[in-house]
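Have a look at the fold before reading on.

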Amino acid sequence: MLNRNGKHHAIIGEVIREKRKEAELTLATMAKSSNVSLGYLSQIERGKNCASVDALLAICKGLGMKLSELFGLVEEEETKGKPLQILRFPKEDSVAKAGK
């Protein structure tokens, strides 16, 4: 679902910044190794710009990770703090009785 308030962009940027810092890369070094402009990378990290798939692929390559890993981390971050939804299914006996 499209998130019109830019929440996904912000989370993607946060994850990229976190992984960049874990790798002890400066913004300038990361921009150069990813072949993405410093300003664009900065905007992505701050959630101010929507990164293209090509840019995300280049950034992931610079971080030594797959795009699927990035999206997995974004999904984990997005679901933090959300309550678990418990699904309850009727017991077999009650389903059989309802069908009689």
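Does glutamate 22 count as buried or exposed? At 51% relative accessibility, glutamate 22 counts as exposed; the scale calls a residue buried under 20% relative accessible area, exposed over 50% and partly exposed in between, using a 1.4 Å probe and protein chains only.

Some ground rules first. This is a predicted model, where local features need pLDDT of at least 70 and side-chain atom pairs count only at pLDDT 80 or more, while totals for chains, interfaces and linings use all residues. Residues are numbered from 1 along each chain as its sequence is written, and side-chain values use heavy atoms, with hydrogens and water left out.

**Where the helices cross**

The axes of helix 1 (residues 7-22) and helix 3 (residues 38-45) come within 7 Å and cross at roughly 115°. That makes helix 1 roughly perpendicular to helix 3, a label for angles of 65 to 115 degrees. The axes here are lines fitted to C-alpha atoms over the stretch in contact, and angles run from 0 to 180 degrees between N-to-C directions. The helices themselves are DSSP runs (H or I, at least four residues), numbered from the N terminus.

On the helix 1 side, His9, Gly13, Glu14, Ile16, Arg17 and Arg20 meet Leu41, Ile44 and Glu45 of helix 3, with contact meaning heavy atoms within 4.5 Å. Sorted by class, this contact has three nonpolar, two polar and four charged residues.

**The salt bridges**

Searching the whole structure turns up three salt bridges, each a side-chain nitrogen of Lys or Arg within 4 Å of a carboxyl oxygen of Asp or Glu.

| Pair | N to O distance |
|---|---|
| Arginine 17 and glutamate 45 | 3.5 Å |
| Lysine 19 and glutamate 22 | 3.2 Å |
| Arginine 20 and glutamate 45 | 2.6 Å |

Glutamate 45 pairs with arginine 20 in a salt bridge. Because glutamate 45 lies in helix 3 and arginine 20 in helix 1, that pair ties together parts 25 residues apart in sequence. Both glutamate 45 and arginine 20 are buried. Through shared partners, Arg17, Arg20 and Glu45 join into one salt-bridge network.

Lysine 19 is partly exposed, at 26% relative accessible area.

Notes. Helices (H or I, at least four residues) and strands (E, at least two) are DSSP runs, numbered from the N terminus. Angles under 35 degrees count as roughly parallel, over 145 as roughly antiparallel, 65 to 115 as roughly perpendicular and the rest as oblique. Ala, Val, Leu, Ile, Met, Phe, Trp, Tyr, Cys and Pro count as nonpolar, Asp, Glu, Lys and Arg as charged, and the others, Gly among them, as polar.
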